[in-house]
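I opened this model to look up a few residues and ring pairs. My notes follow.

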Amino acid sequence: MAFFKKFFTHVIPQKDPDKSIIPVKDKPKPPYYGTVTPYPKFDATSDASTLQSAIKKLDKDVIFAILVKRSNEQRQKIKAVYEASTGQSLDKALQSALHSHLEDLALALISTPAHFDAYLFRKATKGLGTREHILVEILATRTNQEIRDLKRVYKEVYKTELEEVIKLETSGDFTAALLAMLKATKDESTEVNNDLAKRDAEILFEAGEKIKGSNVSAFIDILTMRSAPQLCKTFQQYATTSDITLPKALQLELKGDIEDCLIDIVKCSWNTSAFFAEKLHHAMKGLGTNENTLIRVLVSRSEVDLKKIVQEYKAMYGVSLQEAIRRDTKEQFESALLALCGPE
């Protein structure tokens, strides 16, 4: 939490827009920060056969030795071969062999990213109470294409438009913010417009601190539509306009779900890896462990930026993520999570 406390106190001036793009023959090629990579000697038929045998024997070690060491694309090929050769759903087979958090982890691993996100969204909006923070986490950290895939898959699987679910389960400004992100029209450019940052900072200042009450729609429009690098520059410009930082202004001006939503968007824009590191820390802080959060974050980020999250966790909390997992989990669940994290 110290990272974001520092951020909420003052915007770190030397923070520049993301420069992690490596130019290759004049074309930007982003480096890979995932911890799971395609298995080099991949054989879907052999893996499916080994998995079938392991499920029959209830051999959890072998099941996860395959699942965590294959990329998601490879897991989908294993799943297709398994179901074609056995005539049985791999999901149901794993459910019969595994239980509790191991079952949840295995099912997450064999889901496509879009199906996993759709499942998470469904789970967060069904039953008593809506887990608002999960809705924000998904929509604020996925690309436009990933959000479009999520909407398509959600409609295919649950026969309902995701927009209607959000309208039914949320209300007010929070609904407006979620629907704005659901449009999947956020700028994804890495270029920064200094003039636009200055104008946006002035608009945000006038929408919040300068008036009695606040113009929430202005905050929503800017925070949900601008790219992360552009917002970082806006945060810096805001600090030159106001005596307090934008995140602190949000805390003072807004309350409830919309405050939490917009602050999470700010955190993600400033440092997505730190945002997820904080999530993991809270999942293992104090009494009890939130295994669902561990599964959700580690699986969804394992082929995106989990390597950076691991590094950020150590920098923020002075202990490695792997050590924290060893303290809070055990047996096959522990070993599977550690395998997703990669070596220390």
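**Aromatic pairs**

I started with Tyr-238. It has a relative accessibility of 0%, so I noted it as buried. The model is a predicted one, and I read every entry with that in mind.

Next I asked how many aromatic pairs there are. The count comes to five. One of them joins Phe-205 and Tyr-238. Their ring centres lie 6.4 Å apart and their planes stand at 65°. Edge-to-face starts over 60 degrees, so I logged this pair as edge-to-face. Phe-205 sits in helix H12 (residues 194-207) and Tyr-238 in helix H14 (residues 228-241), so the pair ties together parts 33 residues apart in sequence.

I then looked up Tyr-313 and Tyr-317. Their ring centres are 4.9 Å apart with planes at 55°, so I wrote the pair down as tilted. Both residues belong to helix H19 (residues 306-317). They are four residues apart there, which means a separation of about one helical turn. Tyr-313 is buried, because its relative accessibility is 2%.

**Charges over rings**

Which charged end sits over the ring of Tyr-39? I found that of Arg-70, 3.8 Å from the ring centre. Over the ring of Tyr-33 I found the charged end of Lys-308, 4.6 Å from the centre.

**Helix H11**

I checked helix H11 (residues 172-182) for burial. Eight of its eleven residues are buried, so the helix is largely enclosed by the rest of the structure. Among the buried ones I listed Phe-174, Leu-178 and Met-181. The cover over them includes helix H8 (132-141), helix H10 (162-169) and helix H16 (257-270). Just after H11, I noted a positive phi of about 60° at Ala-184.

**Single residues**

I looked up Thr-35 in the loop between strand E2 (27-29) and helix H2 (44-57). A polar atom of its side chain lies 2.4 Å from the backbone oxygen of Leu-340. Beyond its sequence neighbours within four places, Thr-35 has contacts that include Ser-302, Lys-307 and Cys-341.

Gln-88 is in the loop between helix H4 (72-86) and helix H5 (90-97). I recorded Gln-88 as partly exposed, because its relative accessible area is 37%. Outside four places in sequence, Gln-88 touches Tyr-82, Glu-83 and Ala-93. I also took the C-alpha separation of Gln-88 and Ala-184: 36 Å, at 96 residues along the chain.

Is Asp-104 buried or partly exposed? Its relative accessibility is 28%, so it counts as partly exposed. Past its sequence neighbours within four places, Asp-104 is in contact with Asn-292 and Ile-295.

Terms used:
Residues numbered from 1 in each chain as written. Predicted model: local features only at pLDDT ≥ 70, side-chain atom pairs only at ≥ 80, totals over all residues. Heavy atoms only, no water. Helix = DSSP H or I, 4+ residues; strand = E, 2+ residues; numbered from the N terminus. Polar contact = N/O pair within 3.5 Å; in protein donor to acceptor, adjacent residues only side chain to side chain. Contact = heavy atoms within 4.5 Å. Buried < 20%, exposed > 50% of the residue type's maximum accessible area, 1.4 Å probe, protein only. Phe/Tyr/Trp six-rings, centres within 6.5 Å; stacked < 30°, edge-to-face > 60°. Lys NZ or Arg CZ within 6 Å of the ring centre and 35° of its normal.
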